[in-house]
Structure formats: C-alpha cells, structure tokens
Amino acid sequence: MKGNEAIAHAAIRSGCDGYFGYPITPQSEVMETLMEIEPWKTTGMVVLQAESEVASINMVYGGAGCGKRVMTSSSSPGISLMQEGISYIACAELPCVIVNVMRGGPGLGTIQPSQADYFQSVKGGGHGDYRLITLAPNSVQEMADHTSLAFDLAFKYRTPVLLLADGAIGQMMEKVTLPPARPRRTEEEIRKECPWATLGKRHGQKGNVITSLALLAEEMEAQNLKLQAKYAEISTNEIRVEKYMCDDADYVVVAFGLCARICKNAVETARANGQKVGLLRPITLWPFPTEEIRGLAERTKGMLVVELSSGQMVEDVRLAANGKVDVQFYGRLGGIVPSPQEVTDALHKLMNH
Amino acid sequence: MAKFKGTVVVNVERCKGCELCVAACPSGVLGMSHHANTKGYNYAQMINEDACIGCASCGYVCPDGCLTIYKQKYE
Amino acid sequence: MNNEIAKPENLVYTKTPVLNDVPMHYCPGCSHGVVHKLIAEVIDEMGIQETAIGIAPVGCAVFAYKYIEIDWQQAAHGRAPALATAIKRLMPNKTVFTYQGDGDLAAIGTAETIHACNRGENIAIIFINNGIYGMTGGQMAPTTLEGMKTSTCPYGRNPEINGYPLNITKLVAELEGTRYVTRQAVHTVAAVRKAKKAIRKAFEYSMEGKGTSFVEIVSTCNSGWKLSPVQSNKWMEENMFKAYPLGDFKDR
C-alpha cells in the first residue's frame, strides 16, 4: 500500500480516537483512506474534515486535552498554518501525533517531495522554547511503525510528536506489515493514564484545566524549566539512528528519509568499488544523534550530508562534528530528487578534497 | 394580607462597589458604605433595612455573587 | 442586616458553589461576572458539574476556568469552537460549551464559529458582545457600533475606514446547523432571568443532538466605554440594543 494509506491503517490499529485534517497534496490519502474505511463503525474512531489546518490542529488540541489519542496530517503549507496550535499544544503538554508529508516550498511551492521543513520541525516552527519529537520514516513500513511509535512517545512524555515524511514516501507503494491492533482505551483507562485530562470533573476534586497561559513570569519560567527537563529526558532516552556499514568507514554519508534510500544506493556502489563508505540515518531528527555523529567525526576522514533542501540538517551535523572532520553538503531544492549518481559524484568530490 | 420582610447579607470582601445592586433595588434598601474593604472598594450595605421585601433583585444583577438574600412571611 | 430573618429556611438567593470563591478579576460591574454566575447556576441546577466541559477564549474571559468549578480547556484566540467540536465528537455524553467575546468569536475566530455552527456541532456557544476589546485596552471590535469611539477608532467607527458592525448572530441563525439562536442581555432582573433560561435551553439542547445552540449576551464594558456600570447599562439600552435588538432568532 501507499505510505499515506499505511498511516491511516496504523492509526486505527494504534487505538486512535480521532483524526482531524484538511486535504492537501501529497498527503490527502490519509484522510481519504480513513473516510473509506469508516472506522467509527468499528472502533468508534472519529474522523472529521475540518475547515482549515488551523481548525484541525485546534481540534487536536481539544481531543488531546481529553487524553484521547488524536492526530492530524498535512503537508508543508498546512503545517505552517498549524504552528500556533503546535506551540500551544507543546506548552499545555498535550500528547498527539502530527504528520507532515513534506512538499517543496517556500510559499505554495510544488507538490513534489522536499525536506526543507527540517528547521521548522526541529528548531521550533512556532513561538517559544519548545521541541517536537521528530520521527523521519524512510519506507512505507516505517510510516506504519512510526505512527504507532509516535502515539507511544506522545503519551510517555505528554508531548506532541511529529512524523516528518516527504511526498515520495507518502506516495510510494511497498509491502507493509501493520502494527498489532490495540483497542481504544475506555474513559476509566484514560482517567488512570491521564489524570490531567478534561473528561469531566471528578467528584470532590477541583476541575482540571488545560491551558498554556501563565501570566506571572515566575510561573512561565517554571513551566519552561519543566519542559526543558522533559526535553533533556527525551534526549537521553529516545535517540534513534540507523547505521549502515559505518564500523570501518573512512567516509560517512548522513541523510534521512527518502534521501537515505538514495544515499544507501550510492554507498553500495562505493563499497563495490572498494571505497569504505558508510551511511548514518537519523531516525529521530529531534532528539538529534549528536553523540553518534561526534564519534564518527573523530575517526573518519570526511562526511557528506545529502538533503532535499539548501542544507538544514547539515548545520546540526557540523555542530556535532565540531570541526573535527570536513562536512560537505549536497542538496537539490524545490521538489527535485537527486539521483544516486549525483550522490556518488558528491562523494568523489569529498574524497578528493 | 401577608407581607414579606427581607434582608441582604453582603460578602463585603467580594464586593467591588459597582452599585448595580443599588440601581436594581425597587425599595431603596441598598447604598454604598463609606468604608472600603481590603481591596479598596466601597461596598454595598443596607441603608434602609425595613424597606427590604427579600425580592433578590440585587442578587440577580450582582456580577460577583456577593449577595445572599433571605425573606420571611408575616401575617 | 436582620438576624431574625437571615436563617437557612428563609434563604431566597445566594451564590452557587459551582461559582467558586476565587475573586473574579473583572472590572466592577462587568457583565462577564453575571454571565459566569448564570452558567454556574445552570450547571448546578442541571446537575452537570462532573460532565460539563467549558472552553475559555482569549480576551477578558481567558480566566473563566478559575471561577467556574468544572473541567476547562483554554483555547488559542478564536479557536474555541474547534476544540469544542473535537471534545463533543469524542465524548457525546458530555455537555460542551464555549465562552467567547466578540473579538474571539466574530473576528479572529469567524471561520471556526461559522463552520462549527454550519456542521451543527452539538455544543453551546455563549457569546459576549460588548462592542469593544476589553482585555487589550479598548480597541475596536467587529461589533463596535458606527460612530462609537475606541482607542483604534478614536474619532468613532467610520464604515468607510473601518467597515460595518458585524451582526454575526443574525448570520449564524441563517445556517442549517444551528438549532437555537438568541440574543439576550443581563442589565435588569428580568433580562437576567431570561438570559439564564436561554443558557439552560442551550445546554439542554446540546445534549439532544439536533444542532448548535448560540446565545449572544449583549454586554457592557464600562472600563472600555469609560462610563460607570449603571451608566453603561443605560448606554447599552439606548445604543447597543438598536443595532443588536434582543430576542430569539431561531428555536426549533
């Protein structure tokens, strides 16, 4: 099935309570698939086409505030519209899943795949000091697996989780094993797991309040420090990375998502030619695998970062490498996808530098 | 004929002295104190107790829920 | 105070405990206080304190959640109907209502308001219309009257520059999704009683699954209007009610 369809199927099987979205290419199949399956007839999951991405993300806020497993999906321009809501969700510490199937920008841009929303995703696209756990699937299988994982991480840390894919992963068709089906939780189960949720006031207790407002600077600083402590814990526990032929590598290519698939091809070509090249694929873009890259930087001769952008993740790779190794960049912009040969050429340039 | 006598208990600290109760009272029972509460507001008080019929008009229009009204029937 | 009369068996009226003891931050005489009190009374009388979920707006009523003792969510500016939509759809057995001012509901949140009403979400929308932005210091609202002075139309609202006052309640009454649309006020005892009935009806209707209930309360903002609370009520009757006449638009 298509990557976008895998997200829909995986969401239902993850015990998702509600999906709220607005159509935009190249991810409309997520809602289309849900509307075709009609999960409200089986699991009771709510699926609603909202009037805008602004409404969608605020529906997610409302649902997440009730401790429900809720999600939305969109593509780059729509995700930009959601940034206000995402900032509120992060501050109010609401668990939810947001899917961005990236397309080329800026502006209305193109519907072709891109990775140019990296900064927006990992540096905080909305206002204020917050982070999003950002998962970068590179296959249809991972679209399904990461949907399930995203819900788990969101509830483990009471934080929004972003699934950052691109138009190619969303549209490509591959075989997939769907995650095991989990039932939706009952209200009592949610009350136990999320005592903060607004499911109706408990007898003899004060009402729960979901808010991101703290007018006193001291209170707002305390909330920020709480968030930062949580982000530190996530950074310790949740870094995910795939390493391919890195153990003896002289040169390492760093790429995520679709680019990692292209680069793997180039790495295999290099290996066939006797060149010791490896691939490091960050699966979590935030938290970023800084230590893994630092380790490789200390014992390799060069790194090449390949992205579908003008070079965004490369800044984090350079920060991690901290000048210990030459970090070069190759990227295509605005929806163009590089061929394996272009990566091979960029690798030759690095090796001959 | 049955007659009603009422009384108004003012939560002095909650009162903000807006005077809406004074305007709403049909019997001229309420007025403002010359004293201020701890927040600095002159609060509502009964200035003509005998006129109160316990109609609770003051209570209905009070924005801060400061007023408790009682009434008793006299034959 | 007459101690002879002030006995529990003679109690006629007192603050409902659903409106808690936290002093409200509103200016003296503000209509918000009356409407908060009415909502709390309705929740108390309907026995829904443990099943009601309120959505607070951005604006003066942002802290509504501090005063009415139920579960609350505080929404981004204008987005309360989106939150309420999701909450009600995920939990149809709860009484879900939004509490919004004119800037929140009729300017920045117009799309959310219109579409929630048009979808016929089974929620109650309580709309406070005082024709001005109170929280930010008295700027022009979408509902500011023609000629009315605010800090961003200091010479009076001029339609050529500022456009016309938005009668959003009339607009939502046109939508198929709304079941009950009414405009009330809380300036007199009779008005307060009627407004409370309207709020109760809206809450009851929201549990019957037949569409959106929308209750506008034409309100005063004496700080913004630069009048005393008593003068504000008079000014409201003489001016606001001309543009925003009270009564039911729809009840089916």
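## Interface of chains A and C

Across the interface of chain A and chain C in this predicted model, the rule finds 17 residue pairs in polar contact, both residues being at pLDDT 80 or more. A polar contact is a pair of N or O atoms within 3.5 Å; within protein, one must be able to donate a hydrogen and the other to accept it, and residues adjacent in sequence count only if both atoms are side-chain atoms. On the side of chain A that touches chain C, at least two residues each come from strand E1 (18-21), strand E2 (46-49), helix H3 (53-65), helix H5 (83-92), helix H9 (187-193) and strand E7 (209-210) of chain A. H3(A) gives the most to this side, with 8 residues. Helices (H or I, at least four residues) and strands (E, at least two) are DSSP runs, numbered from the N terminus.

The count of salt bridges between chain A and chain C is 4, where a salt bridge is a side-chain nitrogen of Lys or Arg within 4 Å of a carboxyl oxygen of Asp or Glu. C:Glu69 and A:Lys206 meet through their side chains in a salt bridge, at 3.3 Å from N to O. The contact (heavy atoms within 4.5 Å) takes 38 residues from chain A and 31 residues from chain C.

## Interface of chains C and B

Between chain C and chain B, about 2700 Å² is buried, with 61% of it on carbon and sulfur atoms; buried area is the accessible area (1.4 Å probe) that two parts lose on being put together, summed over both. Strand E1 (11-13), helix H1 (31-46), helix H7 (189-206) and helix H9 (229-243) of chain C are the elements that give two or more residues to the side of chain C that touches chain B. The count here is 0 salt bridges, while 12 residue pairs, both at pLDDT 80 or more, are in polar contact.

## Aromatic rings

The whole structure holds 11 aromatic pairs over all chains. The ring centres of C:Phe63 and C:Tyr65 are 5.9 Å apart and the planes stand at 80°, so the pair is edge-to-face. Rings of Phe, Tyr and Trp (its six-membered ring) pair if their centres lie within 6.5 Å; planes under 30 degrees apart count as stacked, over 60 as edge-to-face and the rest as tilted.

The charged end of C:Lys66 sits over the ring of C:Phe63, 4.0 Å from its centre; the criterion is NZ of Lys or CZ of Arg within 6 Å of the ring centre and within 35 degrees of the ring normal.

Conventions: Residues are numbered from 1 along each chain as its sequence is written. Chains are lettered from A and ligands numbered from 1 in the order in which they are written. This is a predicted model: local features need pLDDT of at least 70, side-chain atom pairs count only at pLDDT 80 or more; totals for chains, interfaces and linings use all residues. Side-chain values use heavy atoms; hydrogens and water are left out.
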